[in-house]
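I opened the model to look up a few points and wrote them down in the order I checked them.

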Amino acid sequence: MLLAYLTVSLLALSGLAAMILAIAKALADCPEKGPRAKAAGITIATGFLAIGGGVVLLIGALASY
């Protein structure tokens, strides 16, 4: 059960991060604010993965306790 939770949660987390990166890539086409949008998207996606991964692991550890 714990393995299924971790698998589904981490897949959902990586899918959401990929969507953030796709949005940033689309916004990077703007000639005026493109480079800033791309840098912000990468920063937001990595922070999202770090915080979300920590939460998933904490909940998994709590569930296995």
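I started with C30, which counts as partly exposed at 36% relative accessibility; buried means under 20% relative accessible area, exposed over 50% and partly exposed in between, with a 1.4 Å probe and protein chains only. I found C30 in the loop between α1 and α2. I then took its C-alpha distance to L16: the two are 14 residues apart in sequence and 23 Å apart in space.

Before going on I noted the conventions: this is a predicted model, in which local features need pLDDT of at least 70 and side-chain atom pairs count only at pLDDT 80 or more, while totals for chains, interfaces and linings use all residues. Residues are numbered from 1 along each chain as its sequence is written, and side-chain values use heavy atoms, with hydrogens and water left out.

Next I looked at the fold. I count two helices and zero strands in the chain; these are DSSP runs numbered from the N terminus, helices being H or I of at least four residues and strands E of at least two. The radius of gyration is 15 Å, well over the 11 Å that the globule rule gives for 65 residues, so the chain is more spread out than a compact globule. That radius is taken over C-alpha atoms, and the rule is 2.2 Å times the number of residues to the power 0.38. The C-alpha trace spans about 50 × 15 × 5 Å along its principal axes.

I checked both helices for length, the expected span being 1.5 Å times one less than the number of residues. α1 has 26 residues and should span 38 Å, which agrees with the 38 Å between its end C-alpha atoms. α2 (residues 34-64) has 31 residues and reaches 44 Å, close to the 45 Å expected.

Which residues of α1 are buried? I listed S9, L13, A17 and A24, and they pack against α2, contact meaning heavy atoms within 4.5 Å. On α2 the buried residues are G34, A37, G41, A45, G52, G53, V56 and G60, and their cover includes α1 (2-27). Over the chain, 18% of the 65 residues count as buried. Of the contacts with a separation of 6 or more, 69% come from residues 24 or more positions apart.

Last, I looked at F48, which lies in helix α2 and is partly exposed, with a relative accessible area of 30%.
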